[in-house]
Amino acid sequence: MKRKISIIPAFAIAMMAVANPNENDGKIIRISTDNTDLVLKVGENGRLYQTYLGPKLLNENELSSLDWAQHASSDGSVSKRGWEAYSASGNEDFFEPAIGVTHSDGNPTTYLYYVDSSVSQIDGGTQTDIHLRDDKYPFNVTLHYVAYPEENVIKTWSDIKHNENKPVLLSSYASAILYFNEASYFLTEFSSDWAKEAQMHSQQLQFGKKVVDTKLGSRAAMHTHPFFEIGLNGPVKEHSGEVLMGTLGWTGNFRFTFEIDNVGNLRVIPGINPYASNYELKAGEIFTTPEFIFTLSYDGASQGSRNMHEWARKYSLKDGLGSRMTLLNNWENTAFNFNQDILSQLMKEAKHLGVDMFLLDDGWFGNKYPRKDDHAGLGDWEVTHDKLPDGISALVNAAENADVKFGIWIEPEMVNPKSELYEKHPDWVIEQPNRDTYYYRNQLVLDMSNPEVQDYVYGVVDNILTENPKVAYFKWDCNSPITNIYSPYHKNKQGQLYIDHVRGIYNVLKRIKEKYPNVPMMLCSGGGARCDYEALKYFTEFWCSDNTDPIERIYIQWGFSQFFPTKAMAAHVTSWNKNTSIKFRTDVASMCKLGFDIGLKDLNSNELAYCQQAIENWKRLQPAIMDGTQYRLVSPYETNHAVVEYLDKEKNQGVIFAYNLSPRFQEKLHRVKLQGLDPTKKYLVKEINLMPDSKTQFAQNNKTFSGDYLMKIGLDVLSYAHNSSMVIEIIAQ
Ligand code: DGJ
């Protein structure tokens, strides 16, 4: 006799798995760092709410008195409406949700109930995973939070998946939501453009929404960067006050929504920008949102930045704890005009200067359509025979003979229509089938969502390294946003393009990192239009800006330093703004990963000797500048000066970079108080990076002071001389 097998549909199993609403009522999930608590609680309706985010609470037993229901109307009554940890469209929350879903039957509402959660230890932190599920649909969200206690950083992201009969449509898919209940909120955002990156602007947020987003696709952070600061109860200050600092690890379109509701609460919603990206999610497919990384500082942005820097070096940035190579680049010096002899000469100059590497920039490839300017050649990654008849191997040998390493520029996600690649594979390109084509820098973007294109792009790096294993470095550029938005690969699913394109880039970068884990790479995007912590898992540093005018660079570096450690930020000494001295230009670049992009013939002997000395100093001071702690002491946004201090972990070696931009006649020059020193140690202070023919103007030169004195009384490092700089080394005795 046949046994009767009863098959329970997956749909029913999913619904059975939703916990009884009362079963977990009152369950508390505490996500803690050393200084901060994020507390979540299951409400009596079985859904999950944020009950607290702020300074760490002393008494565990008081967490239960945090009510999940908030004042939901301004008449003071408490209706049962809370701050849902991952609010969904179509329920009783009347403000911006984290996720918008149209289920397979067309129903646009989603109610997520707590199912279960788990906690595990991972490298440097504690990971909490919380599983939520709709009670009427087999639709699941898993929230992930990793708390890094020592660095006071929390990283959060979500996985979305379902088991419905047909695909569901996701119209939004944030990484997380955070809520605040304070008297006032002030946003600092970072606007950008070519040569104008990381410009800081602040404003008070009022009722309604402020959206910071980008729709550029590939050169995605060209107009604004994926990070922000929120001052709670006052504008963001450098050394005091509570500030939320958050950044999204996503190299494509992102969106930050800041919404103040009817009772003055703020919600912060970071995520991929769903612009033109209704995402069709198949049953069983997991949609993983990007990581949102945040810190709460109770001592202003300076401390928040230090949290981010520490965290990034230890847990995120590629080779975050490793050293970095100084270099000589040829872009500003030669542009496209070079040949083997010129490059060999530059390699010798690199050695003479004292840097570790020569970096060959754009213009070395293409034969049918040689890359002699930016109109042709992108896509054809073969050395131009006329220009470099002996190929990359000859360049590698020349570098070896000059005793420097060799690095090379690529822009592998792009194509010029004037290229053999475009002729062979027009279907690999993002381009409209039925409209005129718009060109940005005469180029188009390859469709990275297409696996064949991914293989090709991976091959660009793989071929170079297979043929020339001694290539020691890549500068990976990306000069165009996605234009003519249409993917021949996705055909009738164009909503996937923006997202799958970025995922395609990550697939390639993952493969490269797996095969070549130790090759350092610079992330570049027409300057600093790519600067996020997901890309930086694959890159050792990023190029902050093509703008190397040192005055502008002080502001640009000040902006990026809010979120990135020095060693992630590349800066080169160039001929931009020759009205400023080589010393001023080099001192500014020395606050980042130092490089040069200048012909030595442009320097007189004093200037050259100065640069050589500055490079040696920079290398010696790496424990402070690259791996130490940064204190932004005087802001160029608030004064006519800028001062930044770096101190090594042992508090034995430090350096202060002081700049005078355009001080006013007879303005008050105050002493600058240092930070972070050991008050009981004695420190010798002395000026370094002096031009060979000049004498120090530093009043306290070669004197010894206690850390206490230096932090309470300070040093006279400011002056009236426009566009001048002073670099002071601090040495524990
Ligand atoms: C833009 C980059 O930012 C520059 O440094 C340089 O590499 C050019 N592209 C080359 O085309």
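Which N or O atom lies 2.7 Å from a nitrogen atom of the ligand? An N or O atom in the side chain of aspartate 477 does. This is a predicted model, in which local features need pLDDT of at least 70 and side-chain atom pairs count only at pLDDT 80 or more, while totals for chains, interfaces and linings use all residues. Residues are numbered from 1 along each chain as its sequence is written, and side-chain values use heavy atoms, with hydrogens and water left out.

View 1. Aspartate 477 reaches a ligand nitrogen at 2.7 Å. The protein buries 97% of the 290 Å² that the ligand exposes when taken alone. These areas come from the Shrake-Rupley method with a 1.4 Å probe; for residues, only the protein chains shown count as cover. Aspartate 362 places a polar side-chain atom 2.7 Å from a ligand oxygen. For arginine 441, a polar side-chain atom lies 2.9 Å from an oxygen atom of the ligand.

**View 2. Two loop residues with positive phi.** Arginine 441 sits in the loop between helix 6 (420-424) and strand 27 (444-445). Helices (H or I, at least four residues) and strands (E, at least two) are DSSP runs, numbered from the N terminus. Arginine 441 is not a glycine, yet its phi is positive, at about 45 degrees. Its relative accessible area is 26%, so arginine 441 is partly exposed. Buried means under 20% relative accessible area, exposed over 50%, and partly exposed in between (1.4 Å probe, protein chains only). Lysine 651 is found in the loop between strand 34 (641-647) and strand 35 (653-660). Lysine 651 is not a glycine either, and has a positive phi of about 60 degrees. With a relative accessible area of 32%, lysine 651 is partly exposed.

View 3. Four strands line up in the order 12-19-18-15, with antiparallel pairing. Strand 12 (178-180) and strand 15 (208-213) are the edges, each pairing on one side only. Two strands pair if DSSP finds at least two bridges between them. Seven bridges join strand 18 (residues 254-260) to strand 19 (residues 266-272). Arginine 255 stands opposite glycine 271 in strand 19.

View 4. Helix 10 (residues 582-589) is mostly covered, with eight of its eight residues buried. Among them are Ile582, Phe584, Val588 and Ala589, along with Lys583, Arg585 and Asp587.

View 5. Threonine 36 belongs to strand 2 (residues 36-42). Threonine 36 is buried, at 2% relative accessible area. Its side chain makes a polar contact of 2.6 Å with that of tyrosine 298. A polar contact is a pair of N or O atoms within 3.5 Å; within protein, one must be able to donate a hydrogen and the other to accept it, and residues adjacent in sequence count only if both atoms are side-chain atoms. Proline 469 lies in the loop between helix 7 (451-467) and strand 28 (471-476). Proline 469 counts as exposed, at 64% relative accessibility.
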